[in-house]
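This report covers a predicted model. It begins with a single residue and then widens to the whole chain.

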Amino acid sequence: MNDYRIRPKDNFIHEATWTQLYALTEHWKSDMQFYKGDLNFLHHLIDKYFLYLSKKENIDLVLEMEVNLLQVEKQCNSLVDRINKHFHHLAELVDDPFTYVSDKFRTEHEQLEDDLSQFVKDYRKNRKEIFAITEHMIGGEELIKQLNVLHP
């Protein structure tokens, strides 16, 4: 899955009803709640294994992972805020179609979708790196612990 978009292609955003766009935005909001929870898990994973590290290069890797994770988390929080504003704009359109310009809303919707798609790509890349590095560190640290037990 190279693309996050779940809507039909072509001109969907410009032809969809407010109900369809609301449902899609609601789906985004739900997904972002999941990502926020998973980002907390990744922080916990890094913090847990940081305590057991003995090699300097592993500590440096953990710090780099934490910085990258904080950037993705900042991206996530920004998107959550934007989705909430987007819901507000949609509610304004439903209540009074003249309070917010329809074309402006649809352009905003399209940009938000593009940004969500980029976030998912960044998130997946970051998560994959964290798991790969954590797996590598756990294996290396376990070997060191075993050697220390065998040869105190």
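Asp38 lies in helix α2; helices are DSSP runs of H or I with at least four residues, strands are runs of E with at least two, and both are numbered from the N terminus.

The side chain of Asp38 makes a polar contact of 2.6 Å with the side chain of Arg127. A polar contact is a pair of N or O atoms within 3.5 Å; within protein, one atom must be able to donate a hydrogen and the other to accept it, and residues adjacent in sequence count only if both atoms are side-chain atoms. The two residues are 89 positions apart in sequence, with 9.3 Å between their C-alpha atoms. Leaving out residues up to four places away in sequence, Asp38 touches Tyr123 and Arg127, a contact being heavy atoms within 4.5 Å.

## Model and confidence

Residues are numbered from 1 along each chain as its sequence is written, and side-chain values use heavy atoms, with hydrogens and water left out. Because the model is predicted, local features need pLDDT of at least 70 and side-chain atom pairs count only at pLDDT 80 or more, while totals for chains, interfaces and linings use all residues.

The mean pLDDT of the protein is 81, and 76% of its residues reach 70 or more; pLDDT is the predictor's confidence in each residue, from 0 to 100. Among the elements, α2 has the highest mean pLDDT (89) and α1 the lowest (78). Where pLDDT is low, the predicted coordinates should not be read in detail.

## Overall architecture

The protein contains four helices and zero strands, in the order α-α-α-α from the N terminus. Of its 152 residues, 34% are buried. Among contacts with a separation of 6 or more, 79% are between residues 24 or more positions apart.

## Nonpolar core

The largest nonpolar core holds 30 residues, and Met32 and Phe119 have the most contacts inside it. Such a core is a set of buried Ala, Val, Leu, Ile, Met, Phe, Trp, Tyr and Cys residues joined through side-chain atoms within 4.5 Å. The elements giving two or more residues to this core are α1 (12-15), α2 (18-50), α3 (56-95) and α4 (102-150). The most come from α3, which gives 11 residues. Apart from residues up to four places away in sequence, Met32 touches Cys76, Leu79, Val80, Ile83, Leu116 and Phe119.

Ile46 is placed in helix α2. Its relative accessibility is 3%, so Ile46 counts as buried. Beyond its neighbours within four places in sequence, Ile46 is in contact with Val62, Met65, Glu66, Leu69 and Ile130.

## Aromatic pairs

The structure has six aromatic pairs. Rings of Phe, Tyr and Trp (its six-membered ring) pair if their centres lie within 6.5 Å; planes under 30 degrees apart count as stacked, over 60 as edge-to-face and the rest as tilted. The ring centres of Trp18 and Phe105 are 5.6 Å apart and the planes stand at 80°, so this pair is edge-to-face. Trp18 in helix α2 and Phe105 in helix α4 are 87 residues apart, and the pair links distant parts of the chain. Trp18 is partly exposed at 22% relative accessible area, whereas Phe105 is buried at 0%.

Tyr35 and Tyr123 have ring centres 4.6 Å apart and planes at 65°, so they too form an edge-to-face pair. This pair links helix α2, which holds Tyr35, to helix α4, which holds Tyr123, across 88 residues. Both tyrosines, Tyr35 and Tyr123, are buried. Phe34, Tyr35, Phe119 and Tyr123 form one aromatic cluster.

Methods:
Buried < 20%, exposed > 50% of the residue type's maximum accessible area, 1.4 Å probe, protein only.
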